[in-house]
Each structure stands twice: as structure tokens, then as C-alpha cells.
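User: Hi! I'm new to reading structures. Could you walk me through this one?

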Amino acid sequence: MEDEKKECCTHKEKECCMHKEKECCTHKEKEFCTHKKKERPAQEYRDLIHRLNRIEGQIRGIKGMVEEDRYCTDILVQVAAVNAALNGFNKKLLENHIKTCVVNDIRDGKNGTIDELLETLRKLMK
């Protein structure tokens, strides 16, 4: 079975995760990994991580406010700021996704990418 290669992953090697004995999935059925990956340019990676680190700090601040029995309105204002920061993160990530992944998939003739994008937009607009 080790010689048998399947195209069940989106990895560059196009081999099943299980054949490589790596656990790249969190699925119960790891036999057919469908996780896609994207190698981001260094600047994009730094920008996204920076945004997430700021959001993480804001969340810790809110937790501290609750622990200190701060007034509800003060906490709600900080929660609104976190929501705005998360929306900004989503906008930037979506912009990068459309400019790179979607454009490249369309050029490669992968028509399912549009449906995937539309489904993602539906989820984001709930």
C-alpha cells in the first residue's frame, strides 16, 4: 500500500496524507484530506499575524476588564472594537484571497472556485 499514491490531498506532492504518515487533518476520516494550503508572501504573512496579535491583545484586555468588574458599557465598547478589528482582518484576508487564489484558480480553469468564493461570502455575511 505504501507504493500506491492517491490524489486525495491538495498538497504539492499530491499524495495522501496517510501515505506520508503526517497528520495534516483534524477530520475523523483522515484518509481523504481536502485541506487546501497557501504559502503567503512574507509581507502578507507579517501583516496578518500583526493584526491577529493586536486582536489577541484586545481580547486579553477585555478578559482583564471582566476580571476587574469593570462597567458593562466600557466592556461593550471594547468588544465593538474587537469586532471591527476582526472585520478588518476578514476584509484583508478576503482581498488577498481573491487577488491570488481565486485569480490563479480561474486562470487554471478551476470553475469550482467561484462557487467556493460565493459560499464563503454567504458565510461572512450572516
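**Helix packing and a buried polar pair**

Analyst: Happy to! Keep in mind that this is a predicted model.

User: Which residues of α1 are buried?

Analyst: The buried residues of α1 are E44, L48, I55, I62, G64 and M65.

User: And how many residues does α1 have?

Analyst: α1 has 26 residues. From its first C-alpha to its last it reaches 37 Å, which is close to the 38 Å expected at 1.5 Å a residue.

User: What follows α1?

Analyst: D69 follows α1, and its phi is positive, near 60°.

User: Let's switch to the inside. Which residues make up the largest nonpolar core?

Analyst: That core has seven residues: L48, I55, I62, M65, I75, V82 and F89. The elements that give two or more residues to the core are α1, covering 42–67, and α2, covering 72–107. α1 supplies the largest share, with four residues.

User: Can you zoom in on one of them? What does I55 touch?

Analyst: Not counting residues up to four places away in sequence, I55 touches V82, A85, L86 and F89. Among them, V82 and F89 are also listed in the largest nonpolar core.

User: What about N96, buried or exposed?

Analyst: N96 belongs to helix α2. Its relative accessibility is 11%, so N96 counts as buried by that cut-off too.

User: Which side chains make polar contacts with the side chain of E44?

Analyst: One of them is the side chain of R40, with a polar contact at 3.5 Å. Another is the side chain of N96, joined to that of E44 by a polar contact of 3.3 Å.

User: And which residues do E44 and N96 touch, leaving out those within four places in sequence?

Analyst: With those neighbours left out, E44 touches K38 and N96. N96 is in contact with K38, E44 and C101.

User: Great, that gives me places to look. Thanks!

Methods: Residues are numbered from 1 along each chain as its sequence is written. This is a predicted model: local features need pLDDT of at least 70, side-chain atom pairs count only at pLDDT 80 or more; totals for chains, interfaces and linings use all residues. Side-chain values use heavy atoms; hydrogens and water are left out. A nonpolar core is a set of buried Ala, Val, Leu, Ile, Met, Phe, Trp, Tyr and Cys residues joined through side-chain atoms within 4.5 Å. Buried means under 20% relative accessible area, exposed over 50%, partly exposed in between (1.4 Å probe, protein chains only). Contact means heavy atoms within 4.5 Å. A polar contact is a pair of N or O atoms within 3.5 Å; within protein, one must be able to donate a hydrogen and the other to accept it, and residues adjacent in sequence count only if both atoms are side-chain atoms. The expected span of a helix is 1.5 Å times one less than its number of residues.
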